[in-house]
Each structure stands twice: as structure tokens, then as C-alpha cells.
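The sequence and structure come first, followed by the two interfaces in turn.

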2 protein chains.
Amino acid sequence: MSRFAFTVEFDGRPYMGWQRQAHGATVQQCIEEALGRITGTEPVIHCAGRTDAGVHALGMRAHVDLDKEIAPFRLMEALNAHLRPEPIAILGCEVVPEDWHARFSCIARAYEYRIRNRRAPLTVEAGLVWRVPQVLDSEAMHEAAQQLLGRHDFTTFRSAHCQADSPVRTLDRLDVTRAGERITVQAQARSFLHHQVRSMVGCLALVGMGTWSVADLKAALDARDRAALGHNAPPDGLYFMRADYPG
Amino acid sequence: MSRFAFTVEFDGRPYMGWQRQAHGATVQQCIEEALGRITGTEPVIHCAGRTDAGVHALGMRAHVDLDKEIAPFRLMEALNAHLRPEPIAILGCEVVPEDWHARFSCIARAYEYRIRNRRAPLTVEAGLVWRVPQVLDSEAMHEAAQQLLGRHDFTTFRSAHCQADSPVRTLDRLDVTRAGERITVQAQARSFLHHQVRSMVGCLALVGMGTWSVADLKAALDARDRAALGHNAPPDGLYFMRADYPG
């Protein structure tokens, strides 16, 4: 038995999210079925962070145990062939120690949220960014974002469906930068609550529009109440970028 | 009667190209039908450069004559509303002099060709870039590209369906740059022949792979023969970026 780790890129639009569902295609299901066609078994994969419907990944990490002698490069090539024409690509594959776990060994996760700040509708980027027509003050957004850094009870920014035991998380990075019409929010933490990045970005957008002050964002955090949430940003602009592991 | 000029962005994937066709949706048709619903007439639009099926635009320019009193901003807003859900967006609109012509007044056109140089299949960028799995030497591509600058008979790089009177064009810029897996080719000229950018990029890729030398590319140009063409790059990676006008 060998444990293989993958780096996965996918377009989240056609999927109900990462995790297998009773109804609707998911990323996990597509990869497991491709692995099944290669191995003749029913492998189960584990990932660093289960993404929602419509959320993308450029550097998701996942692992699987296989009772099969196969070089990692050949497994990657076979998987990419069997995944066709799904918009899921295996970017890397290597053998890892038996105690390496894509989810439980992960010590940091990085997301990026992409906003297109313009009035005109989207064309080539439809489904790939969040279009915000109101002019956003990205410097105010960045200043407000710094209020959320550190260890807090993020209940306000947590989905009602979140299954985490605790609403306390430590946010290590939340940077807002602008290049022309493009505003990018980069978030990093050991782990995130369900909907946390989208909820933080939605509220930062309210600050960017001038609807909320920096103090309003802080008050929403302090409320520790989902009802204090200003706005949950759509999945379109969210990308799982990177998972870090010790060593 | 007022002449309105537009800046247009579109995703070329769903269209048979810019120009109206007997069968199949085109960008021209979509915009003309949207204009028709606004004005109750059958307006005809003209563009700076007719693009092929699958080719995108981030800054196409076009004009139309309308016998209607309407502020340019309102016309743009109405057009964007009527174009929904087509992936076509009007980014700007202004009134221009009667002798301003999107095609005939244009003094320079700029295209960008986007390559993703990697082995793994595309996901979020499918249809939006050309994936080349072989490792490309972008510096060799740039060096070779400089051979094509200036005034030449570009018959080798011209589609059999090209309707231009002369195969002679003056190429002002053909820069190849790399950022990680992304290779970008930026082309500028007063005007281009049909398929010229895609044909030049296809041959530059052969140089990048080491299949062609810089001298091979020059020989292909000098042959003035479509049969000397090495490769025509797919439409996916091509973007009409900008049209320049006097003043």
C-alpha cells in the first residue's frame, strides 16, 4: 500500500463542490471514479479543504492510498487522461509517508478572492471573478481587513452549516490589493470556517463601497452572531491556492 | 443622425466570429439585434477588425449610426442590458464625428496571444489560452519574432480565405515574454492579414520547441507560400486588445 499526494487544479463551476453528494457531480467523485478506472478498486481521497459549489482551486492538495505499483508521474498522466473532459487537472503527484494526511497534516491554507470592480457585465471572466459595479476603495478594505487578523471567534463569518467544533480561528493574512479594475484579497490561516473567506470578503466590499466603516466591520466581528453579517460574497471569485505542510 | 463609437469586450467561444453569417451566432449579430430592440430599426455596425470563431476581444472598437437622441452612457447601459446573457460587454460609448470609421480610420491594431506552457490539461482557462505541453524556449521565440518585424509579403502567414488586396503588411511589434508557465505574444501593426497572428504564433511555437531554427522561420517568410507555414495556432489564445485612431 502506498500513499500518493496530488496537487489539483479545477474549475468549480460544473460541480456541487469538492465533497461527494447524493445528487450532483463533485470534484471528489470525478477523481475517485478516474482512480477507480485505473486501479479497478474504489479508492477514497482526502483533501486539504473541502470547497463549496462554484469555488475553484489552483493548488488543492489531496491524498489516496493505493495497493498498486505505479510511478507517481504515470499515475498523474493516467488520472489526467481519465479525468477528460472534466475541468480538473492533476498538476503534481508524489509518494508521501503513511502518516501524511492532506487535511490533518496541513498547517496553513491560502485562498485568493478575485473581484472585478467595474460596471460592465463580465465576458471571459464570467464565473471566475465577482463583479462589483460600485466603486470600491481598496485601501479602506485593506485597512479594515487588518482588524480581522489574529485569534478571534469568527461566528459572524461562519455558515450555519459549518461543522467545525469551535468558531475560533487565527487569521494570519488578509491583504487587499488593486491593479486597475482588479481587486485581489489574499487570505491565509491554519484553517478556515465554512464560508469564512466569502463572508469576510462580502463585508470588506461593504467597507469598500462606504456602506460600512472600519468600526462597523469590527463591531460585526465582536457581535459573534451570524445575523451581524453584512454580505456573503459569491463563490465565483474564490480560489483555493495552496496548502502547506511541515518540512 | 449621430455616429456612436463603442469599446467592446467579448468571449469568442460561443460565436462563429465577429461577422454576420447565414448560420450560427456572431458578435455583430448579437450587438445589432440588441441595438434593434433599443431603436426599433435595423442598425448596421462596423468594427476595427473582424475576428474569427473562438477569438476573444478585450478592446474591440465599433461604430453605428443612429437616428435617435440618446446620451452615450444611456445607450451603453441599454445595450449591456439587452445583450444579457451573451458574454459581450460594452465598456465605453461616445459620439464621434461623421467621418470617423471604426475600420477605415484605424491606424494601429494590437493583439495578444496567450499560451499556457504546461503538460497538465486546462481547467479555468480552457478556451481562453493555448496549452502547449512541450517546453518552449520563449527567448528563442522572441529572437525569431524580430525577423518578422517591418514590411514584408506575409503570404506564408495568410489564410486562403483572406480577402485583402495585398499580402504586404508592416509589422511594428512582435514581443514574446514569459512569466512562469504563461507565455504572451504581443503583436501590433496598422493592419493584419486573415490568420496572420495565429500563423505567426504557431510558427514561433515551433521555434520554441526547437523544431524550427530562427533561420527556418525566416525561410518560411521568404517562401511567400502558405505551404511553407509550420503551424496555425488555435483561436483560443487570441485577444483583440486595442485599436488606435488619430488624435
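## Interfaces between chains and domains

In this predicted model, 23 residues of chain A are in contact with 23 residues of chain B. The two chains bury about 1,700 Å² between them, and carbon and sulfur atoms give 57% of that area. Four salt bridges are found across the interface of chain A and chain B, and six residue pairs are in polar contact, both residues at pLDDT 80 or more. On the side of chain A that touches chain B, β1 (2-10), β3 (56-66), α2 (72-83) and β4 (88-96) each supply at least two residues. The largest share, four residues, comes from β4(A). By class, this side of chain A has 14 nonpolar, three polar and six charged residues.

Within chain A, the domain assignment gives domain 1 (2-96) and domain 2 (108-244). Their centres, taken over C-alpha atoms, are separated by 27 Å. Contact involves 15 residues of domain 1 and 16 residues of domain 2. The area buried between these domains of chain A is about 1,200 Å², with 55% from carbon and sulfur atoms. A:Asp52, A:His56 and A:Leu58 supply 39% of the area that domain 1 buries against domain 2, more than any other three residues.

One salt bridge is counted between the two domains of chain A, along with 10 residue pairs in polar contact, both at pLDDT 80 or more. The side of domain 1 that touches domain 2 divides into six nonpolar, five polar and four charged residues.

Conventions: Residues numbered from 1 in each chain as written. Chains lettered and ligands numbered in written order. Predicted model: local features only at pLDDT ≥ 70, side-chain atom pairs only at ≥ 80, totals over all residues. Heavy atoms only, no water. Domains from an automatic or database assignment. Contact = heavy atoms within 4.5 Å. Buried area = accessible area lost by both parts, 1.4 Å probe. Salt bridge = Lys/Arg side-chain N within 4 Å of Asp/Glu carboxyl O. Polar contact = N/O pair within 3.5 Å; in protein donor to acceptor, adjacent residues only side chain to side chain. Nonpolar A, V, L, I, M, F, W, Y, C, P; charged D, E, K, R; others polar.
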